[in-house]
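Take a look at the chain below. We will go from the whole to one strand, and then to the core.

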Amino acid sequence: MAIGDLVAGQVTDVVYDGTDLVLQDTILVSGGCGVTHNTTQASGVAAYAVKFNTENYDTASIHDNVTNNTRLTVPAGITKIRLQGHISAVGTGANGILILRIRKNGVTNIAEGANVTFGVNPLSGDVISQLQTVSTGDYFELIADTSAGTAGLNISANIGASFEMILVE
C-alpha cells in the first residue's frame, strides 16, 4: 500500500521493514470518543480508574460525564475498536512505579504501558491497544496503577489524562 492509496478517515500502522517504511493494517474509522478531565485527581496506592468529565468529541454516546465517568462503552453495531490513553501526573512519594493499563469490563487488562519509576516529575506515559474485537456494552477504563510502590498520584487537570476509543467497524 502506498501513501497515495489512503483516504480521509483511515488509520494505519507504519512499520520499518529494514529498508523502508511500510503501511499496514489500514483501518477505516467510523467515529469514536475522546475524553479528558478538567480538575486534578488524586489516587492512592492502588489501581485507580481515571475519571473523565469532559468530552472532546463523542459520535455515538460512548461516554457519560457523570454516570460511570471512568468508562468508554462500545455502542450497538460496533465489533472492532482501538483505544489509547495518556497520563501526566506528579508522584506523591519517592517510592513508586506508575503502570498505565487499559482494562476491559472491570477485569481484564488488554494493554499496558508507561512503566515509569517515581523520582522525576511529572510522570508521563501512554498506552495503546491493538485492534480489539468487542461486543455491544463492553466497557474500557484507563487504569493508573501505583500498587507496585508506596506512593500515589496527583493527575494533572485538562491534558493530564486523556482516553480515546476509535470505532473501526
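How many of the 169 residues of the chain count as buried, in percent? The figure is 41%. Keep in mind that this is a predicted model. The mean pLDDT over the chain is 83, and 77% of the residues reach at least 70. Where pLDDT is low, the predicted coordinates should not be read in detail.

Now the overall make-up. The chain has 15 strands and 0 helices. Take the contacts between residues at least 6 apart in sequence: 67% of them join residues at least 24 apart. The chain exposes about 8200 Å², and carbon and sulfur atoms supply 50% of that area.

Next, find strand β8, residues 80-91. Why is β8 described as largely enclosed by the rest of the structure? Because 9 of its 12 residues are buried.

Follow the partners of β8. Strand β11, residues 123-128, runs antiparallel to β8, and 6 bridges join the two. Within this pairing, I87 faces G125 of β11. Strand β14, residues 153-155, also pairs with β8 in the antiparallel sense, over 3 bridges. Here V90 is opposite N154. Strand β12, residues 132-133, is another antiparallel partner, with 2 bridges to β8. In that pairing I81 stands opposite Q132.

Stay with Q132 for a moment. Is this residue buried or exposed? Its relative accessibility is 14%, below the 20% cut-off, so Q132 counts as buried. Leaving aside residues up to four places away in sequence, Q132 touches T79, K80, I81 and I110.

I81 leads on to the core. In soluble globular proteins, nonpolar side chains tend to be buried together. The largest nonpolar core here has 30 residues, and I81, F140, F163 and M165 touch the most other members. Which strands each supply at least two residues of this core? They are β3 (31-37), β8, β9 (97-104), β10 (108-117), β11, β13 (139-145), β14 and β15 (158-167).

Finally, pick out F163. Residues up to four places away in sequence are again not counted. The contacts of F163 include C33, G34 and V35, and also F52 and L72. Among the others are L83, Q84 and G85. I102, F140, E141 and L142 are touched by F163 as well.

Note on methods
Residues are numbered from 1 along each chain as its sequence is written. This is a predicted model: local features need pLDDT of at least 70, side-chain atom pairs count only at pLDDT 80 or more; totals for chains, interfaces and linings use all residues. Side-chain values use heavy atoms; hydrogens and water are left out. pLDDT is the predictor's confidence in each residue, from 0 to 100. Buried means under 20% relative accessible area, exposed over 50%, partly exposed in between (1.4 Å probe, protein chains only). Helices (H or I, at least four residues) and strands (E, at least two) are DSSP runs, numbered from the N terminus. Two strands pair if DSSP finds at least two bridges between them. Contact means heavy atoms within 4.5 Å. A nonpolar core is a set of buried Ala, Val, Leu, Ile, Met, Phe, Trp, Tyr and Cys residues joined through side-chain atoms within 4.5 Å. Accessible areas come from the Shrake-Rupley method with a 1.4 Å probe; for residues, only the protein chains shown count as cover.
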